[in-house]
Amino acid sequence: MDDHSEAASQLRLSSAKRRIDAFLEQIGELAESSFPHDDGLFALRTIRDNFVDLRGRLELPPGARADLVDQTCLHIGDQVSDYTEILGFILRSTNVRNPFELHYVIKRLITKALDQDVSLLLSSEWAFVPFTYPMSMELLPDFVLIGNAAPESNDPLVIPLAGHEIGHSAWRVFGCPVSYSSLVSDMVVETLDARPGVCAELMRQHTMDALALGVIRDRCSGHVMRQLEEMFCDLFGLYTFGQSYLFAYDYLLGPGGSSTTLNYPTDKRRFELLNAAAAELGISVDPVLAQRWTTAGMRRSERSVSTIVDIAVDGLIPRIKEDLFHTLKSKDLFPPSAEVTNSVLKSFGHNEPYCDDATLGEIISAGWLYLRQNDGLAEAEQRRRYKVLGDLVLKSVEVAEYLDRTRPDA
Amino acid sequence: MLNADEVCDAMLLNDDHPDRLAIVPRPDLAGIRERAGTSVDLRLGRWFRSFKQSKSSHVALWRDYGSPDAIAKKSGPLRTNEHFVRFGSEFILHPGRFVLGATMEWLRLPRTLSGYVTGKSSLGRHGLVIETAAGIHPGFSGCLTLELANVGEVPLAISPGMEICQIFLHRTAISTVEDPGTFSGQRKPAAGFPKVDPTFDLLRGGGPNKHKSPDAVPLK
């Protein structure tokens, strides 16, 4: 190695060390925050320990190979970049605008659904995606991260959408990608075979005739699997949160029309499938919710693929739905009861939290029903009432935690 | 003052009965009857509100229309910090310090009951003073804000879920005004801010239409 190259190695290594040191210093400051629950602090410690280990790997002997130095520094840069975002998420999880009362009941729901101990970070995001890492982070494999939009992070009525995000974890933990892969491939082949015109149109878009059919099948199968995962997550949210999932969905996505991609069913289509599933589960649906959904157009070049994907997804949804509902039932999880929801609603009508045991889905559904019965509580003179409703919902959630913690067999 | 049986009976009235007393989570009624006292113990909630150190020389305890500082007009949450303490954890109240807490229980009093809240002697003997504005009006709804002060000489640890105060209830002649508890209340401790007081404004020489109190006019 020449002198210049050795100097470049030293420069890169010292830069990487300073970046890690700054990152660790930031963690140290964050650790001084007031954490509402242990999970945030636990996440910080785990990240810190890993970065301390990374820092140690930068102590390379003089004359270390240039490609080893570059590769190590590249990895450090990626890790710092990826986990800086997570640090921001953890910091925002300490903001007192967050409804901390939800942590226990959501964690209980996840633990029951996934049959394993998980850590949960409930936070907020400035750029609302929504942000979710369904137990997919290398350093935090047992963490579920759920972020609400920052301005609405104090609103418990939007939390049913967390059901969708938990669904992504369930999709992995239940082993769905493996279970359904051959089913998806078979369905795509069958759908293509049954539509020779669409298949021919897709073949024309490819120049490598010999491989074209295989490429088309793989591409369609990938999109079908992604759409099935999204629908699986919607169905998970519907099953666990009941009609409040539909209300929250409408609140954030209505009237639809967001950009259409092949990896997502359209908002309108998702809502139609949810409505049908709700009927099967005996969940009553406000007919107003189904009104005036729109869909953005699909790009011309993708219409043929979209046709195949939509048909294949339609064909597989019943199986996915049946499997999911059966699995959740076997874990002693049930959709919100209409009877309990009405009791909670009656308590809210008396300006009281609910004093008996209720699931999160039942409490939040009652909150939405109260809102609907009172013209949406959106006018200036109703603001106070809307805030009180949020407090009644969260106090009812706290009562559910209180009852769970104080059960004789707890 | 209601005795133990009367308190329990008021809680067990039908949901729609106008004289029903609601305390949520519901206290142990058998325990109340067994003790045969006249009070109901309430537990400490998880939210606290402490006051920030600030560059302001003082806080005016009235609605100050003349203040150039918009925050001072509200004189409320913005000069305080909120804290959430989970079950199993503690809030340390140092000697001479003051913090607002709230009961874990949400109360709703019918129009026929009023009450007052006091500390528990077992805690007071260690220097923990609880509640100085003790009245609970008929129709009140929400969690009670507690004023917690350590007047003792050693730091005191308080923990959510512990019994922190007690309420006594009285029968009250029914007011003809609308039920003040209709959809009101909150789960967090409230610092509150002064209400509009036209008489005081006139006496002070300021008021909403003048925008400047005489004291606020700079001397040249």
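Which residue of E12(B) does Thr118(B) stand opposite? In this predicted model, the residue opposite Thr118(B) is Gln166(B).

Chain B contains an open sheet of four strands, arranged in the order E2-E12-E7-E9 with antiparallel pairing. Its edges are strand E2 (39-43) and strand E9 (135-136), each of which pairs on one side only.

Two of the pairings can be followed in detail. Strand E7 (residues 113-119) and strand E12 (residues 163-171) of chain B run antiparallel to each other over seven bridges. Besides Thr118(B), which faces Gln166(B), you can find Val117(B) opposite Ile167(B) of E12(B). E12(B) also has an antiparallel pairing with E2(B), this one over five bridges. There, Asp41(B) has Gln166(B) as its bridge partner. Gln166(B) is a handy landmark, then, as it stands opposite Thr118(B) and is also the bridge partner of Asp41(B).

## Chain B as a whole

Stepping back, chain B has five helices and twelve strands. Its 220 residues include 30% that count as buried.

## Chain A as a whole

Chain A has 14 helices and three strands. Its C-alpha trace spans about 80 × 65 × 45 Å along the principal axes. Of its 410 residues, 40% count as buried. Residues 24 or more positions apart supply 79% of the chain A contacts with a separation of 6 or more.

E3(A) pairs with strand E1 (residues 119-125) of chain A in the parallel sense, over seven bridges. To find your way along this pairing, look for Ser124(A), which stands opposite Asn148(A) in E3(A).

## A helix pair in chain A

How do helices H1 and H3 of chain A cross, and at roughly what angle? The axes of H1 (residues 3-30) and H3 (residues 66-92) come within 10 Å and cross at roughly 20°. That angle makes H1(A) roughly parallel to H3(A). The crossing is left-handed.

On H1(A), the contact residues include Leu13(A), Ala16(A), Ile20(A), Phe23(A) and Ile27(A). On H3(A), they include Val69(A), Cys73(A), Ile76(A), Val80(A) and Leu87(A). Arg12(A) and Arg19(A) of H1(A) and Asp70(A) of H3(A) also take part in the contact. By class, the residues of this contact divide into 14 nonpolar, three polar and three charged.

Is Ser221(A) buried or exposed? This residue of helix H8 (residues 209-241) has 21 C-beta neighbours inside 10 Å, so Ser221(A) counts as buried; the cut-off is 20 or more. Leaving out residues up to four places away in sequence, Ser221(A) touches Val184(A), Ser185(A) and Val188(A). Val184(A) is 37 residues away along the chain, yet its C-alpha atom is 6.1 Å from that of Ser221(A).

Leu252(A) sits in helix H9 (residues 243-253). With 15 C-beta neighbours inside 10 Å, Leu252(A) counts as partly exposed. Apart from its neighbours within four places in sequence, Leu252(A) is in contact with Val158(A) and Leu161(A). Leu161(A) lies 91 residues away along the chain, and the C-alpha atoms of Leu252(A) and Leu161(A) are separated by 9.2 Å.

## Where the chains meet

Now for the interface. In this model, 19 residues of chain A are in contact with 20 residues of chain B. Which helix gives the most to the side of chain A that touches chain B? That is helix H14 (residues 383-405), with eight residues. The side of chain A that touches chain B has nine nonpolar, four polar and six charged residues.

Terms used:
Residues are numbered from 1 along each chain as its sequence is written. Chains are lettered from A and ligands numbered from 1 in the order in which they are written. This is a predicted model: local features need pLDDT of at least 70, side-chain atom pairs count only at pLDDT 80 or more; totals for chains, interfaces and linings use all residues. Helices (H or I, at least four residues) and strands (E, at least two) are DSSP runs, numbered from the N terminus. A residue is buried if 20 or more other C-beta atoms lie within 10 Å of its own, exposed if 12 or fewer, and partly exposed in between; C-beta atoms are placed from the backbone. Axes are lines fitted to C-alpha atoms, for helices over the stretch in contact, and angles run from 0 to 180 degrees between N-to-C directions. Angles under 35 degrees count as roughly parallel, over 145 as roughly antiparallel, 65 to 115 as roughly perpendicular and the rest as oblique. A crossing is left-handed if the near helix is turned anticlockwise from the far one by less than a right angle, and right-handed if clockwise. Two residues are in contact if their C-beta atoms, placed from the backbone, lie within 7 Å. Ala, Val, Leu, Ile, Met, Phe, Trp, Tyr, Cys and Pro count as nonpolar, Asp, Glu, Lys and Arg as charged, and the others, Gly among them, as polar. Two strands pair if DSSP finds at least two bridges between them.
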